[in-house]
Amino acid sequence: MRIDIATLFTDMCNSVIHESIVGRGIKNGHIEIYSHDIREYTENKHRRVDDKPYGGGTGMVMQAQPVFDCVEAIRSQHEGTPRIIYMSPQGETLTQKKVQELAAEPWLILLCGHYEGVDQRVLDELECEELSVGDYVLTGGELPALIVADAVARLQPRVLPNEDAYSIESHYNGLLEYPQYTRPEEWHGRKVPETLLTGDHRTVTEWQRREALRVTARKRPEMHRAYLDREVSEFWHEFLTAKQLPEDTRYSEVFHFEMSEYWANALLRLVMRGKKRATSSSLLGYEIEGDKLPVRGQYSIVTDWDGIPRCVIKTTAVKVLPFKDVTFELAVREGEDASLEDWQKSHVSFFTEEGKELGYEFTWDMPVIFEEFRLEYKGRKEEK
């Protein structure tokens with residue numbers, strides 16, 4: 001891949017592109033990056049490239065002629081058609097997805113504006129795309145161009161040691177990266193998480209994905225929500241395809257069991273094994289939150305505590321009865337291998353805590369929804 005930067009400040013650009021990982025990539029021939037001085041193409045004897053704007057206003061505007069001639073000279077140096085991008089605060093905002101798109105191009109020309117910008121006529125003549133690195137204004141396009149060059153260069157083959165160097169980092173897969181640690185194991189009383197010291201690759205990988213989800217949820221909730229929405233959408237499409245169901249088939253809800261990580265994941269495992277075939281809920285809770293009651297035949301997606309879809313269940317029966325009337329024959333379908341007394345004890349505790357949050361009071365006469373279901377789909381990842 002080749003990247004050319006048209007700029008008024010080649011020394012500024014060269015000092016960055018020839019350093020560190022990108023510099024090594026250039027030296028080793030994995031990518032070509034060049035900077036070109038627009039001033040060399042001016043027809044003004046004083047090497048001026050700007051003039052006052054028509055219509056008045058403060059500042060100066062870069063003239064069309066030197067910009068155009070510089071880009072034309074760059075195009076004459078290489079075969080093919082370059083993708084020309086003008087670094088502008090008015091452009092499309094740069095994202096990792098956009099970086100991946102640009103990284104697939106064989107040739108980019110990055111045009112750096114300065115002062116109050118560039119004469120619009122040359123941008124139109126060159127059919128420039130406009131790209132922004134954020135909703136703020138800088139003194140020139142050099143820093144944004146260097147950001148683009150760096151982000152694109154590191155995705156080129158062999159610029160980084162291996163694909164994992166970028167495929168697991170922030171934004172690449174729609175999540176922020178998990179926390180990183182190095183020696184020593186303890187510093188200022190803070191210890192490296194025990195999981196990372198186990199040497200168990202699968203356990204470490206699970207920890208990394210879980211932490212990436214939680215870091216993203218905490219720091220970028222909108223990104224986290226978008227990621228989970230994609231996961232659910234892809235999982236549901238996978239289910240419909242596997243079961244050969246109509247594309248317009250809908251699920252009623254996406255949920256996880258219980259109010260704690262331990263129980264949410266423990267009960268999910270029971271469902272995945274086909275051992276848990278029912279669940280009970282407070283009717284008062286449904287009414288307070290305005291939720292629709294489950295109905296026979298509906299599909300639901302069950303997630304783990306972190307919201308990742310793991311299986312699809314189908315409701316087979318729904319009963320509403322007082323809590324005190326739940327029999328052992330019903331309770332045992334919840335798959336917890338407990339006596340009726342143990343089931344009652346754990347559910348009294350659960351409904352009491354839920355009642356405190358939602359604003360109802362548990363009683364033994366309280367109506368509960370007893371929903372029976374069967375496991376319909378575990379997902380391809382779980383089936384392997």
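**Salt bridges, a sheet and some loops**

Student: Which residues are linked in a network of salt bridges here?

Tutor: Arg83, Glu92, Lys98, Glu101, Glu105 and Glu129 are linked in such a network, where a salt bridge is a side-chain nitrogen of Lys or Arg within 4 Å of a carboxyl oxygen of Asp or Glu. Please keep in mind that this is a predicted model, in which local features need pLDDT of at least 70 and side-chain atom pairs count only at pLDDT 80 or more, while totals for chains, interfaces and linings use all residues. Residues are numbered from 1 along each chain as its sequence is written, and side-chain values use heavy atoms, with hydrogens and water left out.

Student: How many salt bridges does the count come to?

Tutor: By this rule the count is 24 salt bridges.

Student: OK, what does Glu372 form a salt bridge with?

Tutor: Its partner is Lys319, and the closest N and O atoms of the two are 2.9 Å apart. Because Glu372 lies in strand β14 and Lys319 in strand β13, the pair ties together parts that are 53 residues apart in sequence. Helices (H or I, at least four residues) and strands (E, at least two) are DSSP runs, numbered from the N terminus.

Student: And is Glu372 buried or exposed?

Tutor: Glu372 counts as buried, at 12% relative accessibility, whereas Lys319 is partly exposed at 34%. Buried means under 20% relative accessible area, exposed means over 50%, and partly exposed lies in between (1.4 Å probe, protein chains only).

Student: Which residue forms a salt bridge with Asp365?

Tutor: That is Lys324, with the closest N and O atoms 2.8 Å apart. Asp365 lies in the loop between α13 and β14, and Lys324 in the loop between β13 and α12 (328–331), so this pair ties together parts that are 41 residues apart in sequence. Lys324 is partly exposed, with a relative accessible area of 45%.

Student: Switching to the sheet: what order do the five strands have?

Tutor: The sheet is open, its order is β10-β12-β13-β14-β11, and the pairing is mixed. Since β10 (253–255) and β11 (278–282) stand at the edges with a single partner strand each, one side of each is left without a neighbour in the sheet. On average, neighbouring strands of this sheet are turned by 35° against each other, direction ignored; here axes are lines fitted to C-alpha atoms, for helices over the stretch in contact, and angles run from 0 to 180 degrees between N-to-C directions.

Student: Do β13 and β14 run parallel or antiparallel?

Tutor: They run antiparallel and are joined by ten bridges, and two strands count as paired if DSSP finds at least two bridges between them. The bridge partner of Ile313 in β14 is Leu375. β11 is also joined to β14 in an antiparallel way, by five bridges, whereas three bridges join β10 to β12 (residues 299–303), and those two run parallel. In β12, Phe255 has Val302 as its bridge partner.

Student: What packs on the sheet?

Tutor: Helix α10 (residues 261–272) does, touching β12, β13 (309–322) and β14 (367–377), and its direction makes about 95° with that of β13. Contact means heavy atoms within 4.5 Å. As for β14, this strand is mostly covered, with eight of its eleven residues buried.
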